[in-house]
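Please look through the sequence and the model shown below, and then follow the headings in turn.

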Amino acid sequence: MKKFLESTLLRALVLLVFGGLLIAFAGEASTWIVRGCGILFIVPGLVAMISCFRSVPEERPLPLFPIVALGSILLGVIQIVHPELFIEMLRYILVGILLVATAFQFYSLWTILRTSPLLSAWNYLGPVVPLIIGLVILFYEPVRTDLPQCNLLTGVGLVAYALFELWTIVLTNRAKRLAAAAAPQETDSPAENTQE
């Protein structure tokens, strides 16, 4: 349970920062995200190329290995030079992340509420906000075609998701405390009673 809470906290904090950046820099955020991904393609490609050519010829990996590394470098360079080619895809990827994260949040809540019936079903209203934002971006044409507005709404959805993830941590701790309080207190063991 501790690992779950730690990963949930980390995920919430990362998405809170990422959503905040999307809100703060709605106009240029997509360009910088695509360029950052381009750098993330170039670095491993360069490392792979260097390690391939530094190795002993008999120990070199498959002949396709340098071609794959070169392809990674080339894709990264294209993303840095022409980010507009990938911005449309990024829009759908971010909305997909938002919708999948919201589905996971509904599942987490269902698990918590199933194990602790004392918690309210009103807690299901929290993930509805990012879900509605994701569906609006996906299906409402004026929002989908306006990049700054799309980034702003995606950022708001990610921040709402992150804040509700933090609330989920509070709910999980409350459910754990309620379950511990509902558990019967240990009485004297039968072995002690038979000795008397």
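## A starting point

In which helix is Thr154 found? Thr154 lies in helix α7, which covers residues 147-182; helices (H or I, at least four residues) and strands (E, at least two) are DSSP runs, numbered from the N terminus. The model is predicted, and for that reason local features need pLDDT of at least 70 and side-chain atom pairs count only at pLDDT 80 or more, whereas totals for chains, interfaces and linings use all residues. Residues are numbered from 1 along each chain as its sequence is written, and side-chain values use heavy atoms, with hydrogens and water left out.

## The chain as a whole

The protein chain has eight helices and zero strands, and along the sequence these follow the pattern α-α-α-α-α-α-α-α. Of its 196 residues, 34% count as buried, where buried means under 20% relative accessible area, exposed over 50% and partly exposed in between, with a 1.4 Å probe and protein chains only.

The accessible surface comes to about 12300 Å², and 73% of this belongs to carbon and sulfur atoms; such areas come from the Shrake-Rupley method with a 1.4 Å probe, and for residues only the protein chains shown count as cover. Among contacts (heavy atoms within 4.5 Å) between residues at least 6 apart in sequence, 75% join residues at least 24 apart.

Two packed helices are described by the angle between their axes and the distance between the axes. The axes are lines fitted to C-alpha atoms, for helices over the stretch in contact, and angles run from 0 to 180 degrees between N-to-C directions. Angles under 35 degrees count as roughly parallel, over 145 as roughly antiparallel, 65 to 115 as roughly perpendicular and the rest as oblique.

Helix α4 (residues 84-115) and α7 have axes that come within 10 Å and cross at roughly 20°, which means that α4 is roughly parallel to α7. The residues of this contact divide into 15 nonpolar, six polar and two charged, where Ala, Val, Leu, Ile, Met, Phe, Trp, Tyr, Cys and Pro count as nonpolar, Asp, Glu, Lys and Arg as charged, and the others, Gly among them, as polar.

The axes of α5 (residues 128-139) and α7 come within 8 Å and cross at roughly 160°, and the two helices are therefore roughly antiparallel. Among the residues making this contact are Ile133 and Ile137 of α5 and Thr154 and Tyr161 of α7, and by class the contact has nine nonpolar, two polar and no charged residues.

Thr154 is buried, with a relative accessible area of 1%. Leaving aside neighbours within four places in sequence, Thr154 is in contact with Leu22, Leu94, Val95 and Ile137.

## Helices α2 and α4

Helix α2 (residues 29-54) packs with α4 at an angle of about 95°, their axes being 10 Å apart, so that α2 is roughly perpendicular to α4. Ser30, Thr31, Ile33 and Val34 of α2 meet Phe86, Ile87, Leu90 and Leu94 of α4.

Thr31 touches Pro83 and Ile87, not counting residues up to four places away in sequence. The C-alpha atoms of Thr31 and Pro83 are separated by 5.8 Å, although these residues are 52 apart along the chain.

## A residue of α5

Ile132, placed in helix α5, counts as partly exposed at 48% relative accessibility. Ile132 and Leu99 are 33 residues apart in sequence, and 9.1 Å apart in space from C-alpha to C-alpha.
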